[in-house]
Amino acid sequence: MTDTMARWQFAITTVYHYFFVPLTIGLSVLVAVLQTAWAKTGNDAYLRLTKFFGRLFLINFAMGVVTGIVQEFQFGMNWSEYSRFVGDIFGAPLALEALIAFFLESTFLGMWIFGWDRLSKGVHLATIWLAAAGTFISSIFIIAANAWMQNPVGAIYDAEQGRAELSDFLALLTNPIFLTQWPHTIAAAFVTAGAFMAAVACYMLAKKAKEGAPKDDLAAYRKATKFGAWVLIVAGVCTVITGDLMGKQLVTTQPTKMAAAENIQENFPEGQAPFQVLPGVNLFPGLLNWLYGTDTIQSLPDLDKQFQSEGFQQFDRAAGQPIAGNALQQQFADQLDKIKADVDPLPDTTVSFWMFRLMIGVGMLAVLGGIYFLIAIRKDHIPSAGAWMTCLAVVMPLLPLLANSFGWIFTEMGRQPWIVNGVLPTLQGLSPSVGVGPVWFSMIVYTLVYAVLAVIEVRLLLKYIKIGLAPKVDVSIKDEAEPLSFAY
Amino acid sequence: MTILDIAVPAASPSFLQILWLILVAVLWIGFFFLEGFDFGVGMLVPFLGKTDQDRRLVINTIGPHWDGNEVWLLTAGGAMFAAFPGWYATLFSGLYLPLFLVLLGLIVRGIAIEYRSKREDATWRNAWDWALAVGSFLPALVFGVGFANFLKGLPVGPHTTVFGNTVTLYTGTFWGLFMPFCLIGGLLFVALFLTHGAFFVSLKTTGPIHDRASTVGGNLALVTGVLAIALVIWGNIAYKLPGQVGWLMVAAWITGILAIVSVGFAWFMNSRGRDGWAFVGTAVATVTLIVMFFCHFYPSLGFDNSRNTGISLDLTTASSSSLTLTIMSWVALFLVPVVLAYTAWSYFFVFRRRLSTKNIPALDVTTAS
């Protein structure tokens, strides 16, 4: 019971946190680009867009910050034995993320917000780029940590201490999973930010044109729509490419995850594995082999049997043979044997299959939306305001957010039953000293607080979107007696 | 290098283990020094500010800094996780509900600061101001109760995992954390941070708010002084954890007394109208008080192993491998100075000047960027 609740709590708090993260990563850079364009060209449109999207960025950023603190504490609170087992390896990226990324991000963002009238143009521009760099560095460390859970490289088992220990720090940052997962995640963040910017700007373009707003305003919204849409499309293509590379990698390191994602229930002849559109509806024999770059794809029942007889095995696609796991998986095998009979090595196939497809489908739809925006504003065309545009403006930013969530649910659910792939079962990572009561209690309160905050956040975003571009922005350096250019 | 030669009952801590205990202490000190006044300012907002302009002025003294201040907590937590997984795992799972209260407070106060001025509605702003006060009070109280409990020693005992390994877990209860001594700890942290916050406001503002903050801070300093005397004397006399080192106990007395003296110094300087020195006083009091606590945490990390039949959870058994500690030491060596440099630049150069209500823009949400 406690394990179910603790997993739900992690799922709820993490998925919720991740509604804000990709927008923060992507939008920090897009806002920095807009401000750079202003600094280079002196065109006021870019400054007004910087202020407009900067304000939306900050409303979103605040939520990311406060929900992020829960994440770092949650490992120790709900997953103490996981923390104890992996702390020697997993703790360092978290500590470094805080030291290197979070200080940079928060300090320079503070200077950016309050520094418009106190810093020179160039220094002020540098602050937003440094804050954006902070969000990037943060993503490197946290994805490296997650990639290690998917593929625990650079580690050994210390039998005396009963825990995993670091043997090679560089292996963490050259983890093949990390090398594909990080670009994939970053590309998806830009899909999210691009879709958000394009949708907001296009909606405002249509609305303001109808209201007869000045030409300058319309030109600015048009610029932002075009910029956002191109970012969305290019990032979308990058997401597909990196996703493909990641899939090819997962066949080796997490064969059960990919077998579940493709619902492989039987062994197909070499090179004849079909693609399933719906569960059991086989199409195009061999397509799956082509997609994953391997002739042999093990079936779920096969992997199950193999686990019970030989323990956890990675799969060598070149040789078409199971290969021995990495050092940690090998060294921990004897320990795992003690409880192997109770471990079901397969993830939930239904969840994996559908989350995988929804991630791809919804993500693709978002990219199509980007193309639609470009067509809608082609040449000097002005899209018409109305129910369709409103609907588009609401749906478009949500699509990438949903695709991100589906992707992460697939990544984490597909890793089950492991918290450290092939080593520690999720159940063994729980805090033994925490009863079901406190987990229930905290989960209910988190859910309520998060729900209320979501309503407030969305309302504020809508309010500030509707206010639109500020008419005139004054960013000259002020003397002491004048009002701040920004104040809480 | 005498620190390396000190013999303790179990295994001797290594240089790296001692270094990381010191670094964890430094991170907590940084957190309480910075977020301490931050918490204080948050708690004082509804009381110092009569009008909306006043309240905005008070909040904006910490405006550019609050988020960066909070990162010290994340870094302290991360450093405990990375350098002492056993400490992090046992402590965070053992103190589940208290930490949950801290998180709840931090969520609410962060959002309160960011969102309160985003609407003009007076009810909205008043509600967020109180959320900010409560959200600042909760963590301050819980951390105070927590640190007093560590000084007493958190009871721990053995637990055998399915793999046959013995791990150490907290064996106390939630209500067991609220012993009188620990409540004094909680009240002391609240009072100290209120004083620290009031002196920060008086240092950063001019006009009526400055005068009000100075008066309130002076009164609060007296309360803080009494609580500090009680905690320092009670804590240093009554509680002793195994393995403690004689000269560190002397150091605990000295830093504890320094903390009390610093509060008095802050009160005195404030009454003379020396805002800067008053703030330095509460800052030194905060730093020395946390140093006193950490003197007690060597080498037990604040765990009471007296009823633990398994392996004692302490500095040597809770720590990471020397490879991990070595890598992190190099990173810290190069990057901590960088962080300190740009944080200092932000406080002392970019946002140096005092604020008054003249600096608070009119009630127009469209200008709030």
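## A walk through chains A and B

In chain B, 3 strands line up as an open sheet in the order E2-E1-E3, with mixed pairing. Strand E2 (166-170) and strand E3 (303-304) of chain B sit at the edges with a single partner strand each, so one side of each has no neighbour in the sheet. Please keep in mind as you look around that this is a predicted model.

Between strand E1 (residues 154-160) of chain B and E3(B) there are 2 bridges, and these two strands run parallel. Within this pairing, Leu154(B) stands opposite Phe303(B) of E3(B). Helix H5 (residues 85-94) of chain B packs on the sheet, where it touches E1 and E2 of chain B. The direction of H5(B) makes about 40 degrees with that of E2(B).

**A helix pair in chain B**

Next, look at helix H4 (residues 66-83) and helix H13 (residues 322-350) of chain B, whose axes come within 13 Å and cross at roughly 170 degrees. An angle over 145 degrees counts as roughly antiparallel, and H4(B) and H13(B) are therefore roughly antiparallel to each other. Which residues make the contact? On the H4(B) side they are Gly68(B), Ala82(B) and Ala83(B), and on the H13(B) side Thr324(B), Leu325(B), Met328(B) and Thr343(B). Sorted by class, this contact of H4(B) with H13(B) holds 4 nonpolar, 3 polar and no charged residues.

**Chain A as a whole**

Among contacts in chain A between residues at least 6 apart in sequence, 80% link residues at least 24 apart.

**Where the chains meet**

The contact between the chains draws 67 residues from chain A and 70 residues from chain B. On the side of chain A that touches chain B, at least two residues each come from helix H2 (44-78), helix H3 (80-114), strand E2 (163-166) and helix H14 (436-467) of chain A. H3(A) gives the largest share of that side, 23 residues. By class, the side of chain A that touches chain B divides into 40 nonpolar, 16 polar and 11 charged residues.

**Backbone details to check**

Most residues other than glycine have a negative phi, and most peptide bonds are trans. The table gathers some exceptions from both chains.

| Site | Backbone feature | Value |
|---|---|---|
| Gln416(A) to Pro417(A) | cis peptide bond | omega near 10 degrees |
| Tyr298(B) to Pro299(B) | cis peptide bond | omega about -5 degrees |
| Asn263(A) | positive phi | about 55 degrees |
| Leu301(B) | positive phi | near 60 degrees |

In chain A, Pro417(A) lies in the loop between helix H13 (387-415) and strand E7 (418-420). Asn263(A) belongs to the loop between helix H8 (255-261) and strand E3 (275-276) of chain A. Is Asn263(A) buried or exposed? Asn263(A) counts as buried because it has 20 C-beta neighbours inside 10 Å.

In chain B, Pro299(B) is in the loop between helix H11 (275-296) and E3. Leu301(B) also lies in the loop between H11 and E3 of chain B. With 27 C-beta neighbours inside 10 Å, Leu301(B) counts as buried.

Notes: Residues numbered from 1 in each chain as written. Chains lettered and ligands numbered in written order. Predicted model: local features only at pLDDT ≥ 70, side-chain atom pairs only at ≥ 80, totals over all residues. Pairing = 2+ DSSP bridges. Helix = DSSP H or I, 4+ residues; strand = E, 2+ residues; numbered from the N terminus. Contact = placed C-beta atoms within 7 Å. Axes fitted to C-alpha atoms, helices over the stretch in contact; angles between N-to-C directions. Parallel < 35°, antiparallel > 145°, perpendicular 65-115°, else oblique. Nonpolar A, V, L, I, M, F, W, Y, C, P; charged D, E, K, R; others polar. Buried ≥ 20, exposed ≤ 12 C-beta atoms within 10 Å, placed from the backbone.
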